[in-house]
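Subject: Structure handover

Hello,

Here is the structure I said I would pass on. Please open it next to this message and follow along.

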Amino acid sequence: MLDELVLAERLISYDTSRPEEIVAAAGFVKGWLESRDIEVRHHDHNGLPVLVAEVGPSGDEGQEHPCVVFHGHLDVVPGRPEQFEPHLDGDRLIGRGAYDMKGGLASMMCALKDLERQGQVRVRLVCVPDEESEEIEDRSTDAVVAGGLGGDFAITGEPTNLHIGVEAKGVLAMVIEVHGRAAHSSTPWLGDNAVLKAVDVFRAIESLPFSRESSEVFDRPSINLGRIEGGDAINKVPDECRMSVDIRFLPGQDPESILDQIARIPSIDVTRTFIFPPVSVARGNPYVQALREAVTRSIPDKEVLSVGRDGASDAVAFMAAGIPAVEFGPDGAGHHGPEEWVSVSSMARYRRSLVGFVRTLPMWLERPAEPASASASALDSASDSASASDGIREASVVESRPGLTAIDGGLG
């Protein structure tokens, strides 16, 4: 337990919401691994470091063995200075990024060292600097996968409380312009207040048919009004208002259909949109089954569930390349909040689960494939709060139509 605790405390002490601290934290990770005789490759992506380290079979021999990726990120959302001073409260390690996801990353680093001498599975640790970024068109995980470092299966250590995240909602984010009519503030009844109309538009979005749909894992989509701006003078009825709306849609829902429903709301234009696809991995996948069995063996007192995640992550970069990927991280709570914490004991359990997964994986890969629904009974509609960027990865241009003006872009 000591190694992952000490590592997590050190990682939390870096304010990795800032580029220079990301660089410093990456230097610490690189130094820790290299001091334990694990070679680390350093790549720059938009001036920030991406670290890649591998253990297990290598060279021509390594190509014949399965490759598993442990994926983690160093960056965090901004916090108060005291949040970067980690402290213990019983089993809780408290600090910015403890749960999302420096505790998980610390355990992954230790697991990589634990697995150094096994010769059946290549294990690749990928540590990225920009999962929390709002930049959507040029992200380091996409570059890693495009560069051939995606492997056969990926685990990203996002917060899941030691459950296995086999599904994640997609992201449909947009900026909506709402039009009104200007007037003097002393006679507001002569105008049409665009700010008040924008609130009504958001309520209308919440009541559209797509918002009442559900799935096997999720009880509903998520809809959030993240930003609203309108008015240019206190003594004037605002005639324009812009709001940013973030919709997390369900696997199986069509984002184009959602946009069509929104476009029928009067007096609006959708001026910027991007679409981030949902993630779904079959529970019968042998990698998922091997991971589930390893978690059960490492934590016999805990029911292991296949869960859906309200938030999105870099797992979609692997899925887009045809590489099965899940989210799996230690116990904790409060990510992006003032009292974020990770369970110290669960970091040790998480480490053991990763090691057990890799060591038993060859046996699972030799078994006959099971139907995709074989493990579907283990479901839970547990929801995890979405991160600020939540893995927003790529822009998707929406076809222009009445009420919609498609502009390729990000969150703005």
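A definition comes first: a crossing of two helices is called left-handed if the near helix is turned anticlockwise from the far one by less than a right angle, and right-handed if clockwise. Helices (H or I, at least four residues) and strands (E, at least two) are DSSP runs, numbered from the N terminus.

This is a predicted model, in which local features need pLDDT of at least 70 and side-chain atom pairs count only at pLDDT 80 or more, while totals for chains, interfaces and linings use all residues. Residues are numbered from 1 along each chain as its sequence is written, and side-chain values use heavy atoms, with hydrogens and water left out.

Confidence
The chain has an average pLDDT (the predictor's confidence in each residue, from 0 to 100) of 86. Helix α2 has the highest confidence, at 98, and strand β20 (residues 379–380) the lowest, at a mean of 36. Residues 372–412 have a pLDDT below 50. Where pLDDT is low, the predicted coordinates should not be read in detail.

Helix pairs
The crossing of α8 and α10 is right-handed. Helix α8 covers residues 286–298 and helix α10 residues 344–365; their axes (lines fitted to C-alpha atoms, for helices over the stretch in contact, with angles from 0 to 180 degrees between N-to-C directions) come within 7 Å and cross at roughly 135°. That makes α8 oblique to α10 (angles under 35 degrees count as roughly parallel, over 145 as roughly antiparallel, 65 to 115 as roughly perpendicular and the rest as oblique).

Helix α2 (residues 19–34) packs against helix α4 (residues 98–114) at about 20°, with the axes 11 Å apart. The two are therefore roughly parallel, and their crossing is right-handed. In contact (heavy atoms within 4.5 Å) are Val 29, Trp 32 and Leu 33 of α2 with Met 109, Cys 110 and Leu 112 of α4.

The sheet
Four strands make an open antiparallel sheet, ordered β11-β13-β9-β14; two strands pair if DSSP finds at least two bridges between them. β11 (222–230) and β14 (268–276) are at the edges with a single partner strand each, so one side of each has no neighbour in the sheet. From one strand to the next, the twist averages 15°. Eight bridges join β11 to β13 (residues 240–249), and Arg 227 stands opposite Ser 244 in β13. Helix α6 (residues 194–206) lies across β9, β11, β13 and β14, at about 15° to β13.

Regards
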